[in-house]
Amino acid sequence: MEKDHTNSGFLHIGNKLLNWYRKNARDLPFRQTKDPYKIWICEIVFQQTRISQGLGHYNNFIKRFPDVKTLAEAEEDEVLLYWKGLGYYSRAINIHKAAQQIMNDYQGTFPEQYEEILKLKGVGKYTAAAISSICFGGRMPAVDGNFYRVLSRIFADDFDISNSKAFSYFSELAFLVMPESAGDFNQAMMDIGSEVCKPKKPLCGECPVHEDCLAFSLQKVSDFPVKTKKVKAEDFALQYYFVHRNGRFLIQQRKDDFIWKKLFEFLPELPAELEPFIRNTKTVFHKLSHKNLTIEITDVEVTSEAVWNSFTEQNQYIVTDFEAFHERSFPKPLESYIQNSLKD
């Protein structure tokens, strides 16, 4: 995918962005390293999370898992626990598997080539390009939403970013403006897109390339990027039973084939012997990226010690204490329910 556009008539745009970045780069901990492990983790963490919201999570994760070996040898539940608060937990499962992949297939050394990085579990073209360019000098544009927005405005290009060929199309545009320092250029695009060329109310007057921006000269900045395909959120219903007694409650671990992979949840079904202890039902609404969840949670307080002991001894549910619930990873709406139960 690497291209030679050293004679491109648009390289001055990339150089302006690079000069701007070297004066205005955000002071972030992962900017002080070329360690591919740390760059990889930061790229995964901030895929769906604003830097201001995720920085503390990133620091805590790196402190507990400072290298590939430590992460690979950790228990999956602990990795999920340190991912708590970041959402999209499949990312945590994937980086754990990828760390084991690096230990097994690459003798513990992070692969340097773009094509090899791309083979890691959960690593897409953007992340592979970012790691390759920042850590190993690969001339690869790390095309993401920032690239789509900045480039479509610079060139007033109406190519639909929801098109399946958008990544390849905007990669070609990126090569036209990308100078030699691909790693710094990719980070410059991240910063300019985040801080200046924002989706709404862009700060065009502060942009180092507004004189070169066709959308700006046409006064059509708000028309770009073009995105026509919208994913309609699916309505989905869940039923839970919060079975508890004397500061303890029952949970189980979800499988990894649907939402909230490997997180812990309440009982999805209520055995007949517990029906007499139902107190009330609460409905909770929760939004995921492509799902609108309606969650009904029925409170079941088992007042009989004999029934509790008989039930917990016969079943595979996990008994956990209210005070220790934070040691496991729950979906956000269930965690909120537990916290509210502690206040009651």
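Visitor: Which residues of H10 are buried?

Guide: Start with the word. Buried means under 20% relative accessible area, exposed means over 50%, and partly exposed lies in between (1.4 Å probe, protein chains only). In H10, the buried residues are Ala166, Phe167, Phe170, Ser171, Leu173, Ala174, Phe175 and Val177. Keep in mind that this is a predicted model: local features need pLDDT of at least 70, side-chain atom pairs count only at pLDDT 80 or more, and totals for chains, interfaces and linings use all residues. Residues are numbered from 1 along each chain as its sequence is written, and side-chain values use heavy atoms, with hydrogens and water left out.

Visitor: What do the buried residues of H10 pack against?

Guide: Contact means heavy atoms within 4.5 Å. The buried residues of H10 pack against H1, helix H8 (125–136), H9 and H11. The names follow a rule: helices (H or I, at least four residues) and strands (E, at least two) are DSSP runs, numbered from the N terminus.

Visitor: How many residues has H10, and how far does H10 reach?

Guide: The expected span of a helix is 1.5 Å times one less than its number of residues. H10 has twelve residues. From first C-alpha to last, H10 reaches 17 Å, close to the 16 Å expected.

Visitor: What span should H1 have?

Guide: H1 has 14 residues, so at 1.5 Å a residue H1 should span 20 Å. Its end C-alpha atoms are 20 Å apart, which agrees.

Visitor: Which residues of H1 are buried?

Guide: First, the general idea. An α-helix has 3.6 residues a turn, so residues three or four places apart point the same way. In H1, the buried residues are Leu11, Ile13, Gly14, Leu17, Leu18, Trp20 and Tyr21. They pack against helix H9 (145–154), helix H10 (166–177) and H11.

Visitor: At what angle do H1 and H11 pack?

Guide: Axes are lines fitted to C-alpha atoms, for helices over the stretch in contact, and angles run from 0 to 180 degrees between N-to-C directions. Helix H1 (residues 11–24) and helix H11 (residues 182–195) pack at about 75 degrees. Their axes are 9 Å apart. Angles under 35 degrees count as roughly parallel, over 145 as roughly antiparallel, 65 to 115 as roughly perpendicular and the rest as oblique. H1 and H11 are therefore roughly perpendicular to each other.

Visitor: Which residues meet there?

Guide: From H1 come Gly14, Leu17, Leu18, Trp20, Tyr21 and Arg22. From H11 come Asp184, Phe185, Gln187, Ala188, Met189, Asp191 and Ile192. By class, this contact has eight nonpolar, two polar and three charged residues. Ala, Val, Leu, Ile, Met, Phe, Trp, Tyr, Cys and Pro count as nonpolar, Asp, Glu, Lys and Arg as charged, and the others, Gly among them, as polar.

Visitor: How many residues of helix H2 are buried?

Guide: Nine of the ten residues of H2 (residues 36–45) are buried, so H2 is largely enclosed by the rest of the structure. Among them are Pro36, Trp40 and Glu43. The cover includes helix H3 (51–64), helix H4 (68–73), helix H6 (90–105), H8 and H11.

Visitor: Is Asp299 buried or exposed?

Guide: At 4% relative accessibility, Asp299 counts as buried. Asp299 lies in strand S5 (residues 291–301). Now compare sequence and space. Asp299 and Phe242 are 57 residues apart in sequence and 4.9 Å apart in space, C-alpha to C-alpha.

Visitor: Where are the backbone features to look at?

Guide: Most residues other than glycine have a negative phi, and most peptide bonds are trans. Phi of Ala156 is near 45 degrees, a positive value. Ala156 lies in the loop between H9 and H10. Lys262 has a positive phi of about 65 degrees. Lys262 sits in the loop between strand S2 (248–253) and strand S3 (264–265). Lys262 is partly exposed, with a relative accessible area of 21%. A cis peptide bond joins Phe224 and Pro225, with omega about 0 degrees. Pro225 is in the loop between helix H12 (214–217) and strand S1 (234–245).

Visitor: How many helices and strands has the protein?

Guide: The protein has 14 helices and six strands. Buried residues make up 47% of its 344 residues.
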